[in-house]
Amino acid sequence: MKKKARAFIEEFGLNYPIMLDRKGKVFENTYKGKVFPTNVLIDRNGVIREIILGAPNPKDLEKQIKKLIRS
């Protein structure tokens, strides 16, 4: 799993923090994940602001993160 995740990260040039949920508990129970990858945008107060299913366009994701940081 770790090897596949690393390969995915490298292939798509991801440079933001990536958390591994090896047992899938956080993915399924907390974020109600359905697909891989699932991106969860969390604000500075720990509130989930957006859940993005699938691989987002990197530029769109960057815009969403910047917007979240400004809020």
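Is Ile-51 buried, partly exposed or exposed, and why does it count that way?

Guide: Happy to take a look with you. Please keep in mind that this is a predicted model. Ile-51 counts as partly exposed, because its relative accessibility is 38%, and the partly exposed class lies between the buried limit of under 20% and the exposed limit of over 50%. Ile-51 sits in strand E2, which spans residues 48-53.

Now for its surroundings on the surface. Ile-51 belongs to a nonpolar patch together with Val-35, Ile-42, Ile-48 and Leu-53. Taken together, the members of this patch have about 380 Å² of accessible area. Strand E2 is the main contributor, giving three residues to the patch.

For contrast, let us turn to Pro-58, which is placed in helix H3. Pro-58 is exposed, because its relative accessible area is 53% and the exposed class begins over 50%. Between the C-alpha atoms of Pro-58 and Asn-29 there are 26 Å, and along the chain these two are 29 residues apart.

The protein chain has a mean pLDDT of 85, with 99% of its residues at 70 or more. Among its elements, helix H3 (residues 58-70) has the highest mean pLDDT, 90, while helix H2 (residues 25-30) has the lowest, 81.

How values were computed:
Residues are numbered from 1 along each chain as its sequence is written. This is a predicted model: local features need pLDDT of at least 70, side-chain atom pairs count only at pLDDT 80 or more; totals for chains, interfaces and linings use all residues. Side-chain values use heavy atoms; hydrogens and water are left out. pLDDT is the predictor's confidence in each residue, from 0 to 100. Helices (H or I, at least four residues) and strands (E, at least two) are DSSP runs, numbered from the N terminus. Patches are made of residues with over 30% relative accessible area and no salt bridge: like charges are joined within 9 Å, nonpolar side chains (Val, Leu, Ile, Met, Phe, Trp, Tyr) within 5 Å. Accessible areas come from the Shrake-Rupley method with a 1.4 Å probe; for residues, only the protein chains shown count as cover. A salt bridge is a side-chain nitrogen of Lys or Arg within 4 Å of a carboxyl oxygen of Asp or Glu. Buried means under 20% relative accessible area, exposed over 50%, partly exposed in between (1.4 Å probe, protein chains only).
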